[in-house]
Amino acid sequence: MNAPEQMKQFRHVGTRPVRPDGVDKVTGRALYSPDFKAPGMLWGAILRSPHPHARIIAIDTRQAEALAGVKAVATGRDLPTLESLVMHVGEGASDIVDVSHNCLALDKVLYEGHAVAAVAATSPEIAREALALIEVEYEELPFVLGVEEALAEGAPILHDNVFTKGVDPKPDKPSNAAMRVEMGGGDVEGALASAAATVTGRYSLEPVHQGYIEPHACVASWNGDGQAQIWTSSQGHFSVRALTASVLAMPQADIRVTPLEIGGGFGGKTTIYLEPVAMVLSKKSGRPVRLAMTREEVFRATGPAPGAVIDVRLGAAADGTLVAADVEFLYHSGAYTANDAGAGVSSAIGHYRIANTRVVGVEVLCNRPAAKAYRAPGAPQVNFAVESAMDELAGKLGIDPLELRLKNAVVEGDPQTTGLPWGRIGYVECLEAAKAHPHWSAPLGPNQGRGIAGGYWGNYGGPSTVNVSVAEDGTVTVATGSPDIGGSRASMAIMAAEVLDIPYERVRAVVADTASIGVSMVTGGSRTTFATGMATVQAAEEVKRILCERAARIWGVAADQVEWRSGEVTCLDGEKQGQVMSAAAIAGRSFHSGGPIAAVAALSAKGWLPGFGVHICDTEVDPETGHVKIVRYTAIQDVGIAIHPDYVEGQIQGGAAQGIGWALNEAYIYSKDGKLDNAGFLDYRMPVASDLPMIEAVLVEVPNPSHPYGVKGVGEVPIVPPLAAVANAIHAAAGVRLRDLPMAPDRVYAALHPEG
Amino acid sequence: MPPFDKEFFGEFVKEGRLDLAPHNLFDLVDRLDGLAPGFADIAQPRVHFAVDGVLETDWSRDLETAKEVIVLPRVGGG
């Protein structure tokens, strides 16, 4: 399925070359953060709270410090006292005081697994032994896990300095409602009252894990001269530097962060947990210190995607025209403010033209780990409710669910929930592609049903820095500050090769450390191929200009008498007309014609456009057990222009698989005493390859006119529609509407057999 | 302007609008901070501005010919 308006033909863009980091990764040579070692390195370990909510009365570390082999012990008292400062932290705003207290608790622990103290020792065994010698006196406090319970009168309040933001007048009492966001307009109640058909539903989801395989880990070395190095994997090493420096109240330039390969992040590695602690231990011990989480620690102490309770009301005229939408949701924020409410409000109903809308989102603090970004943060939860309700509405109206969506789908110029007009979007194109796809009309077997859902994510641009340089032999290095998560080295090399019109193999893309390249924002928000790609194109264009200028000087002709053709410079002037000079020939003489050839592009990219997706899901429901099998799955997405289609398809397949897991199996399960019961992949059930069919990814290309190659972000959209697509398919297969995730066999069985 | 209208500008906002004539978005932030002290502290981490319907990352852009600025919650990604 391809571009309705392909902008131009490309030599490299849209091809599928081998990724430059591929061999190292499949042969085990790639260096991930838990593998990294520094000479003289100590082994760190962290003591974590056994209580979901407690005051720290005293910490006695003397026995641990006295243990042979222990070189340093740290508590929250070893971190500087900070003034409140709201920073943009990876993918959202956080107060740096909260970031610090999340790394090491100071006066209170706010969830089971909250870090309380840390040790560094000459072996991991001694470090663990030392943890057992630290005595912490707690005063246990009442705790609260659920969002509705957290807002109830008399609920334990997590922070006495949090007053609900987004309400007027400002509250005079602290609350677990950290923020309220409301958007919309028109007469919702009036439109619902006069609608030909309405649907109402309450939906719920539990927090879920991003599912990255590599645990959080780092090595920090704080030298005697005040300079420090950190080796870590993250979605943004500049963000790691900024946050760590802020927590430790030190200059950013005194910390050099070297990015290691990342074994998955999906939003979960856009913040810090370990780095300031490793730094303090290193400073105290005078040696490099490694901290690496166990899988259990990852589950207990890092941020999941928020769970939610969502109320939806939709109304439509008899012909299917949507007339009103009323959506109100509560999102788990966990121990600290998470900033997903605004995204949820923006992403709830903006894919449909609706005259009367009201969308309200509230972030609710509770005694769980602070929620963090997970692919399209804030969007899948509310989309599950809205797209399930759309399916129900189609049933009431007797209209095909795809046709109902097509009738109301937004196009360029229609207003978003925020009031902004949509740019060149491709939702209708995706729905049309779904309608035309053989999957949509394929026959179904016994106990099978087909569901469809659509959704979108806003994407982002933002700051990126790229350095393109030419070696003396004419080969090209593209250095970026963007960690490569989804194949961005290959994509950057493709775009540079496209600009320079040279073979892909002559371009090497690398991810540079914080001392070797200018600042770049995190790899997240589906921004890297768009924004860092834009910087790559800009820097490569400048390199091309320099190469032309140098050739003109070498030939002794005017700069406008040369032209870049097929990866080399052609002379247009006089007796030299038609002569060519290769990049290698020019670069080989660069030291004597003005110096090395390189260009830096540093920009804050704008003009990004959202991505839209439509997913078709076939399920087979076992009436005897309630087990749901995904028998066929097609994910259709407007991707702008796919720079490297393999990696675009991979993003779509991965996002769909994660969404299916969220729909069917995944959930953080807490015991009555506030402790996580399934802190590992044996009990936290993510889908594996044998659970899923081949997910067919269909690329619809509606180019972004603001990007040189038409790029739109692709990584986040594919997790948005699956939750409702699966729910709608279960309804079609078994006639039961499930509104609570996960739709695990026990819940499906209970719905099928309400008599018990 | 949600959620900033209620969080900061309740008494100044009429039907969700404020009439100001800043020369650029930095100037707008300063003027908004003048109305509601504290807004400037959260503007960079929490706010997106859209100028005449298009999200703008360059806050030094001249607003002389702009008709409308929409103040939005900043949304990142995962």
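**Figure 1. The contact between chain B and chain A.** In this predicted model, 23 residues of chain B are in contact with 42 residues of chain A. On the side of chain B that touches chain A, at least two residues each are supplied by helix H1 (4–8), helix H3 (39–46), strand E2 (54–56) and strand E3 (69–73) of chain B. Of the elements of chain B, H3(B) gives the most to this side, with 5 residues. Sorted by class, the side of chain B that touches chain A holds 10 nonpolar, 7 polar and 6 charged residues.

**Figure 2. Helices H2 and H3 of chain B.** Helix H2 of chain B covers residues 25–35, and its axis comes within 8 Å of the axis of H3(B), the two crossing at roughly 135°. H2(B) and H3(B) are therefore oblique to each other, since an angle counts as roughly antiparallel when it is over 145 degrees and as roughly perpendicular from 65 to 115. From H2(B), the residues B:Val29, B:Asp30, B:Leu32 and B:Asp33 take part in the contact, and they meet B:Phe39, B:Ala40 and B:Ala43 of H3(B). By class, the residues of the contact of H2(B) with H3(B) comprise 5 nonpolar, no polar and 2 charged.

**Figure 3. Two domains of chain A and the contact between them.** The domain assignment of chain A gives domain 1, made of residues 418–457 + 609–752, and domain 2, made of residues 462–605. Between the C-alpha centres of domain 1 of chain A and domain 2 of chain A the distance is 39 Å. Domain 1 of chain A brings 16 residues to the contact, while domain 2 of chain A brings 13 residues. On the side of domain 1 of chain A that touches domain 2 of chain A, helix H18 (residues 645–664) of chain A gives the most, with 3 residues. This side of domain 1 of chain A divides into 7 nonpolar, 7 polar and 2 charged residues.

**Figure 4. Helix H18 of chain A.** From its first C-alpha to its last, H18(A) reaches 28 Å over 20 residues, which is close to the 28 Å expected at 1.5 Å a residue. H18(A) is also mostly covered, with 16 of its 20 residues buried.

**Figure 5. Two cis peptide bonds in chain A.** Most peptide bonds are trans. The peptide bond from A:Asp168 to A:Pro169, however, is cis, and its omega is near 5°. A:Pro169 has its place in the loop between helix H5 (147–151) and strand E9 (177–185) of chain A. Another cis peptide bond, with omega about 0°, joins A:Leu741 and A:Pro742. A:Pro742 is found in the loop between helix H19 (722–734) and helix H20 (745–752) of chain A.

Figure 6. Most residues other than glycine have a negative phi. A:Phe266 is not a glycine, yet its phi is positive, at about 55°. This residue, A:Phe266, lies in the loop between strand E13 (255–259) and helix H8 (275–285) of chain A. A:Phe266 counts as buried because 27 other C-beta atoms lie within 10 Å, where 20 or more are required. A:Ala376 likewise has a positive phi, near 55°, in a residue other than glycine, and A:Ala376 belongs to the loop between strand E17 (356–365) and helix H11 (379–397) of chain A. With 35 C-beta neighbours inside 10 Å, A:Ala376 is therefore buried as well.

Notes. Residues numbered from 1 in each chain as written. Chains lettered and ligands numbered in written order. Predicted model: local features only at pLDDT ≥ 70, side-chain atom pairs only at ≥ 80, totals over all residues. Domains from an automatic or database assignment. Contact = placed C-beta atoms within 7 Å. Helix = DSSP H or I, 4+ residues; strand = E, 2+ residues; numbered from the N terminus. Nonpolar A, V, L, I, M, F, W, Y, C, P; charged D, E, K, R; others polar. Expected span 1.5 Å × (residues − 1). Buried ≥ 20, exposed ≤ 12 C-beta atoms within 10 Å, placed from the backbone. Axes fitted to C-alpha atoms, helices over the stretch in contact; angles between N-to-C directions. Parallel < 35°, antiparallel > 145°, perpendicular 65-115°, else oblique.
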